[in-house]
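Here are a few friendly notes to read alongside the model. Please keep the structure open as you go through the points.

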Protein chains: 4
Amino acid sequence: MSIRIGIVGVSGYGGGEVLRLCAAHPEFRVVYVAGEGSAGQKLSTRFPGIGEIGGLTIEKFHPDAVAAGNIDLLFASLPTGQSAEPLAKIPQRVKIIDIGGDHRFVEGWTYGLADAWPEKIRQSTRIANPGCYSVAAISALAPLVAAGLIAPAPIIIDAKSGVSGAGRGGGSTFGFAEVNEDVCAYGLFKHAQQPEITKGLARLSPAGSAAPSVLFTPHLIPMTRGILATCYATGSATADACATAARDFYAGRSFVRIVDDPPHTKWALGTNLVFISYAADPARNSIIAVSAIDNLGKGAAGQAVQNANLMCGLPESTGLLAAPLWP
Amino acid sequence: MSIRIGIVGVSGYGGGEVLRLCAAHPEFRVVYVAGEGSAGQKLSTRFPGIGEIGGLTIEKFHPDAVAAGNIDLLFASLPTGQSAEPLAKIPQRVKIIDIGGDHRFVEGWTYGLADAWPEKIRQSTRIANPGCYSVAAISALAPLVAAGLIAPAPIIIDAKSGVSGAGRGGGSTFGFAEVNEDVCAYGLFKHAQQPEITKGLARLSPAGSAAPSVLFTPHLIPMTRGILATCYATGSATADACATAARDFYAGRSFVRIVDDPPHTKWALGTNLVFISYAADPARNSIIAVSAIDNLGKGAAGQAVQNANLMCGLPESTGLLAAPLWP
Amino acid sequence: MSIRIGIVGVSGYGGGEVLRLCAAHPEFRVVYVAGEGSAGQKLSTRFPGIGEIGGLTIEKFHPDAVAAGNIDLLFASLPTGQSAEPLAKIPQRVKIIDIGGDHRFVEGWTYGLADAWPEKIRQSTRIANPGCYSVAAISALAPLVAAGLIAPAPIIIDAKSGVSGAGRGGGSTFGFAEVNEDVCAYGLFKHAQQPEITKGLARLSPAGSAAPSVLFTPHLIPMTRGILATCYATGSATADACATAARDFYAGRSFVRIVDDPPHTKWALGTNLVFISYAADPARNSIIAVSAIDNLGKGAAGQAVQNANLMCGLPESTGLLAAPLWP
Amino acid sequence: MSIRIGIVGVSGYGGGEVLRLCAAHPEFRVVYVAGEGSAGQKLSTRFPGIGEIGGLTIEKFHPDAVAAGNIDLLFASLPTGQSAEPLAKIPQRVKIIDIGGDHRFVEGWTYGLADAWPEKIRQSTRIANPGCYSVAAISALAPLVAAGLIAPAPIIIDAKSGVSGAGRGGGSTFGFAEVNEDVCAYGLFKHAQQPEITKGLARLSPAGSAAPSVLFTPHLIPMTRGILATCYATGSATADACATAARDFYAGRSFVRIVDDPPHTKWALGTNLVFISYAADPARNSIIAVSAIDNLGKGAAGQAVQNANLMCGLPESTGLLAAPLWP
């Protein structure tokens, strides 16, 4: 049996990573690929390292083609604002995972945080994949919020991302010569994922507790892939108590690793893994949670394939077991 | 059925890449890992992203352990000069692939250029894996030499390598702050792989033709993985004729891609692929062959696993089909 | 007139940057250079781009040589723990700037924060140059602390540094292949510069106010030079009010630039500049100060030369006016 | 006395580097800056690290403004094809240095290879600055050609460049995520600087000798600044003989350093230096010349300022003595 897969937005970084993962997935068969700038190209021209499925040609995305193509599951990775309309035209029997930001917290769509509520995802046909920063931040803080180990405020999240998170395009702003040997903060107090993180954590808060108040600052650093989220919260728990809460919270999950020392993003390179460590100074009532992911893996395409596995009744780790590149 | 694998030198870059590939290999089971500096550590501590086989502990290498451990195939990735003695003590029934440089062109060992003479490798129990530069250079030039399309001299190979090729250690010479934003040539006229390339090409020369004379200049560039070999030769063939010769030479091989435009090393990142392009100016009697590999993939561990597959009677691409990281 | 300069620890990154700046300084003449590993080498061999002063030979450091050499001012950049003893033997008439960490907050030594208390430095003969992280953090927060615009706690400083901050040596830990495409946090709750920052800010607090409580988390990111400090504090001031306080605090200083948007470290590359921006959300009682420096410039050698200028009665910007590299 | 300087194309990498150098030049005063995309911006907004001259506003380039502005010398750094027309309208009394490619080998313009024929440049008012690759290649080969030490063919130049050489713009082709961890060759047999190098070398060939035949292959490597040119030629001279010829050829020149071992591009970072080494294997009749420059320094703006100094009767090194960044 093989599940027929479509990928929309395949020439972007997120869509390209979905393709890479699907190409090696034992149960998925990619039968439809669509892209904007690359429409008309052979898939193997656009992706010289992609093998057997290179016979496909990249098409211009049209919702009718999805129904006509007998597609079982569609990954959509479109720019913000461009997915709501076309995806509404896809028949309900086609499962959809929207990697873009348009359907997060939209009714009828499940927020696809696979490690937090896998059961909900198993029963969904419409998944809004979470933002890359949100995955990193919520993964680290979820166990603490759920266990009531940290105060709802202040929660400060200082995140460092590789530039693939900004997507392709962007001209010289993300040009090598300008990004190399540079780091900067952006979106202070107003990044779109600040409310996303807040809502995600609110869903995990014990009933009756105050809503979390999150302050989120993203940074761009000179690397291609990876997000490190350093999260500062208030609480008197020890690091061990935090780690124990996290191991309980993530019991049975395949991709979450609770580690003793602060993790490196490189440990996750090319994978769907998330590494989390906790440090605490109870005397100062202070807890630091650090998480490391590949922003295109657990932060986008890896998470999307994990969600797809769950939706299709497969083991969540199917096709996602390749170890990280080192070095 | 699963083949019992040992890896010696697992904490180096080459050994680590063998581990990464074997961890995802459907027919190989890693049962023994040895390393110098990391002996005594749990494998999962040294490699946080390695999963199911993390229960192993890294041992100090001892030849007797290989026999006692009922190992079927041993990958050895030891520093130059350190493998001849211990490997001589391994029973003949244990297949060995030496990724280090000690057994290249030694009697009783097959030079492991898997894409050039797979049959010889299928029948061998002792393989000397080729050097990373040699793989890149010979892969590009082999079809031209075999078809008599280029003169035996001069053949100039100008190669650019990421610094993982230098191995771990090396202190500040390969420190980030010194390598970043720098490029240099080294080993002019006297790099150890100059004679290796020469011998490799000589074996492919038509009977009776003059021995090739190779001039090889390696360069270090600020990246982690990848080798690009730009090879200059004399001949009146067109680029198309060269490409056709190469497609014939590599007919049936899984990992060689002859492409129209000069390849990028990134196309091969994390894989066992080799990309080759040809350009020519017949009026000037000049041919340029360009090849791109991952020095730790086709240039070391990928080639080693391909050799292991051949030695074990498996399809050569078993466990090696993951697509390259992009971006 | 030219001031006779000695540099100890010239083969390290901090000492090398002092040399680079002194080589172009119109009033300084380098007459003595000492280094550990490089002793015996010609200066021009070790530093191929250094011109006229290349005739010097690097010596093994001996305190007597400083007196004998008629040196007016000595820059010392030695590993932690190695400067107290030899520097104690230098005659009092020789001005000393210790770039290492041994004399910070030691009696008889002035903490060399040139932009905060230039007058004190003008009158000193012994300067303990501040740590690179401390310069970045204190520069951003000093105006807010001095004006009482932020609460003494919590003050969270999340800093991102290029790897030259770790100095030379360190083996593969700071090797290109391991640092490239990686980011990590380290020293949580216990980095040596956490108390340094706390003490530095305490000196600037208005009389009678509570001592600041600082939480400091450093990160290593894949670049050579630069520190970005993102500082989170509590207060109801607007961003404009913070910027105004900073412009007042730094009135007349040559190297401090208060900017509207979060600065890039690249703006400071190779210079003694520090860029600072403020953002605030008064409704949430929250202030973010961001500063960007070159860790070897304002964070080490640039600051040291600025201090030397002040000690020698020169304009503070003498020899420090080169614009940053771009790109 | 101060010379009034105009810079056209200031928001590109070449123009920006001219600005950086002029800002620290003791005899030059920048009074006019023009740019395309940045017109209307304050210079200090575009270049946050530029100091005293930040009061200028970037204008849209108009030739009349140059005459009206009483400008003595104009640096033009415009895209290919866009400088011939406007520069023709500049009065003859205004000296011009065209950093772009439009006037190389055009009558009435001197090809501005400052280290090869400084006298010619001193007497010129119109200078066509050489291409960055050409500077690297010709600098290394000029002494050998002039002394008749190498055969006119084959001369193979394999050059490796940082991506700032491609200029700003270019979108995702030169995006960080795509350039990082990648190397590729381009323009095989047909790069525009292949004939430029050939003509440059021909001018240096002894009368009556055959015209040189150059094969030039450029590569892009993941760094911002720097070109390394590895040049292969035929000849029986020893390395020492080549070095001696080079020292003679460049006697009295400020920026050329003949070194024993292959140079690193980092030695030239941010400077107008060129480092050259020679290796030879007389038994094989083979010579390798390697040169290293900063493509924006000696390869563009540094050379331009050196030319400007010569044209203005100043010492050629005025304002160009800053030492390279290390690390």
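How are H6(B) and H8(B) oriented to each other: roughly parallel or roughly perpendicular?

1. On conventions: this is a predicted model, in which local features need pLDDT of at least 70 and side-chain atom pairs count only at pLDDT 80 or more, while totals for chains, interfaces and linings use all residues. Residues are numbered from 1 along each chain as its sequence is written, and chains are lettered from A and ligands numbered from 1 in the order in which they are written.

2. Helix H6 (residues 132-146) and helix H8 (residues 193-204) of chain B pack with their axes 9 Å apart, at an angle of about 30 degrees. H6(B) and H8(B) are therefore roughly parallel to each other (angles under 35 degrees count as roughly parallel, over 145 as roughly antiparallel, 65 to 115 as roughly perpendicular and the rest as oblique). Axes are lines fitted to C-alpha atoms, for helices over the stretch in contact, and angles run from 0 to 180 degrees between N-to-C directions. Helices here are DSSP runs (H or I, at least four residues), as are strands (E, at least two), numbered from the N terminus.

3. H6(B) also meets helix H10 (residues 297-311) of chain B, their axes coming within 8 Å and crossing at roughly 100 degrees. H6(B) and H10(B) are therefore roughly perpendicular to each other. Cys132(B), Val135(B) and Ala136(B) of H6(B) contact Lys298(B), Gly299(B), Ala300(B) and Gln303(B) of H10(B) (contact: C-beta atoms, placed from the backbone, within 7 Å).

4. Strand E12 (residues 274-281) of chain B deserves a look: seven of its eight residues are buried (20 or more other C-beta atoms within 10 Å of the residue's own, with C-beta atoms placed from the backbone). E12(B) runs parallel to strand E11 (residues 256-259) of chain B, joined by four bridges, and Arg257(B) has Phe275(B) as its bridge partner. Strands pair if DSSP finds at least two bridges between them.

5. E12(B) pairs with strand E13 (residues 286-293) of chain B in the antiparallel sense, over eight bridges. Ala280(B) has its bridge partner, Ile287(B), in E13(B). E12(B) and E13(B) form a hairpin with four residues between them, and Asn285(B) in the turn has a positive phi of about 65 degrees.

How values were computed. A residue is buried if 20 or more other C-beta atoms lie within 10 Å of its own, exposed if 12 or fewer, and partly exposed in between; C-beta atoms are placed from the backbone. Two residues are in contact if their C-beta atoms, placed from the backbone, lie within 7 Å.
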